Amino acid sequence: MNDMQFPVYRGHLEYRCLGCGARHGIDALLYTCPACGGVLLLEDTGFEKLKEYSGAAWRQVFDSRAGTRNSALRGIFRFYELMAPVLEQEDIIYLGEGNTPIIEASPALQNNVGARFAFKNDGQNPSASFKDRGMACAFSYVKALARKQQWDSVLTICASTGDTSAAAALYAAYVGKPVTSVVLLPRGRVTPQQLSQPLGSGAMVLEMPGVFDDCMKVVEILASRYRVALLNSKNSWRILGQESYAYEAAQWYGWDLAETAFFVPVGNAGNITAIMSGLLKLYALGIIETLPRIFGVQSAHADPVYRYYAQEPTTRRYEPVAVTASAAQAAMIGNPVSFPRVQFLAERYLELAGADSFQVVRVSEQAIMDSMLEANRHGHIACTQGGECLAGLRVALAAGLMRPGERALLDATAHALKFADFQSMYFTDSFPPEYGIRAKQERVNAPRLVLSPEARETMSREEYINAAAGAVAAALELQERQ
Ligand SMILES: *Cc1c(COP(=O)(O)O)cnc(C)c1O
Ligand SMILES: [Zn+2]
């Protein structure tokens, strides 16, 4: 096949409600089920047709697209037929999302941890988190709808722990007319870097006191009463786009995910939903022959999904939790909106891949920070949630949950730079007590002033530069050249 050519296959996508089972057409921008308020998943009712091609044929199609110069196929839509095969080439927005590198953990770090593992650096997406995958898909769909229905304005809105709003504002800014973007943030609960992103993209930024779960409730009310396009991960178009993580990982490993365990931080549970959904599609088409194991990871300060799966299967009950301060702030969610999706997909996953193929582990706040800093000291760019994954791998190893020789793929969901303030609080040992995080001296790093500000004022420029060179040499205990 010509790798520049846009795919000809078109599917028949429908919203499927996980609450009442109703199906709804995709001509309307649905956020939840109009019949029962349940969460939706998008399903291609033509999916069976894709089975007319063998797994090997699909592998070849996707491999041949890997080097394409057609920008509509360069990002997440390399896997077009598996994701949103209703979009036309002209609707697809590509800002360089997806195709993020999988970086083998440094040998010293693998040695410290005692396992074979790698990070998938989703912080190398355009707005520096995996949320761009979902936004690229959701905005492509919004753009298609606006074109077909000739809308002259579309107001997009989302509640956010920081990264959703950064991604939504970026894509909205790129699309421009008729799309505008509003983001609703819990005041003081997103980092300054994350706040700077929607501001820089020109979105209207609204803040309210409280935590993410409060913002989410407000957004739900808006969704039920007003005409706005909601871009939280309850929006099933985002889930579709985020499936690309699973496709890319499978492709990178030569479509062989045997003896592999994925570690995924869980907040609203959209990401883990998408990854499982994507893997199940690959498996259904014979593109992969073995499903990898999935470990969800949650902080002890925001652990409703962990608590649910820790109970006896026959009597377990889901209950939201009240969150407390977490360094894994992007996952600090007590009532994940995608929980019903996780339940639905985990059941299928466990059926197909065995009893221990889906698990959730819980980690301490201290371990999250220690693991992030340790990873980054070994040349990685993990955010606090990436640190959470590494902490999760350690918990799994300590509990004997990893198999001998099994490799782990850790989702480093955002770039470390977004969470610079957490690093800084650690380095100055100034975490507010509710986090329960103390600095370990061996991990602390700080700039060292080599000359006093007075020196700058009292010396000539030449004297000062010479004195500074001397001070640097003294600090490094350099020997003078002969
Ligand atoms: C959103 C986010 C998460 C949590 O993902 P969910 O889909 O909400 O479970 C984790 N890490 C980062 C960096 C995020 O932005
Ligand atoms: Zn319903």
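**The surroundings of ligand 1**

Author: Ligand 1 is surrounded by 13 residues (counted when a heavy atom lies within 4 Å of the molecule), and the closest are Lys131, Asp163, Ala269, Asn271 and Thr413. This is a predicted model, in which local features need pLDDT of at least 70 and side-chain atom pairs pLDDT 80 or more, while totals for chains, interfaces and linings use all residues. Residues are numbered from 1 along each chain, chains are lettered from A and ligands numbered from 1 in the order written, and side-chain values use heavy atoms, without hydrogens or water.

The shell around ligand 1 is made up of five nonpolar, six polar and two charged residues, where Asp, Glu, Lys and Arg count as charged, and Gly is among the polar ones.

Several polar contacts (pairs of N or O atoms within 3.5 Å) can be followed from the ligand to the protein. Lys131 places a polar side-chain atom 2.6 Å from an oxygen atom of ligand 1, whereas Asn271 uses a backbone N or O atom, which lies 2.8 Å from an oxygen atom of the ligand. At Thr413, an N or O atom of the side chain is 2.7 Å from a nitrogen atom of ligand 1. Of the 380 Å² that ligand 1 exposes when taken alone, the protein buries 98% (accessible areas by the Shrake-Rupley method with a 1.4 Å probe).

Finally, the space that ligand 1 takes is the largest cavity, a cavity being a set of points on a 1 Å grid over the protein atoms alone where a 1.4 Å probe fits but cannot get out, and a molecule sits in one if more than half of its atoms lie within 2 Å of its grid points.

Note on methods: A polar contact is a pair of N or O atoms within 3.5 Å; within protein, one must be able to donate a hydrogen and the other to accept it, and residues adjacent in sequence count only if both atoms are side-chain atoms. On a 1 Å grid over the protein atoms alone, a cavity is a set of points where a 1.4 Å probe fits but cannot get out, and a pocket is an open set with protein on both sides within 12 Å along at least five of seven lines; lining residues have an atom within 4 Å of a point.
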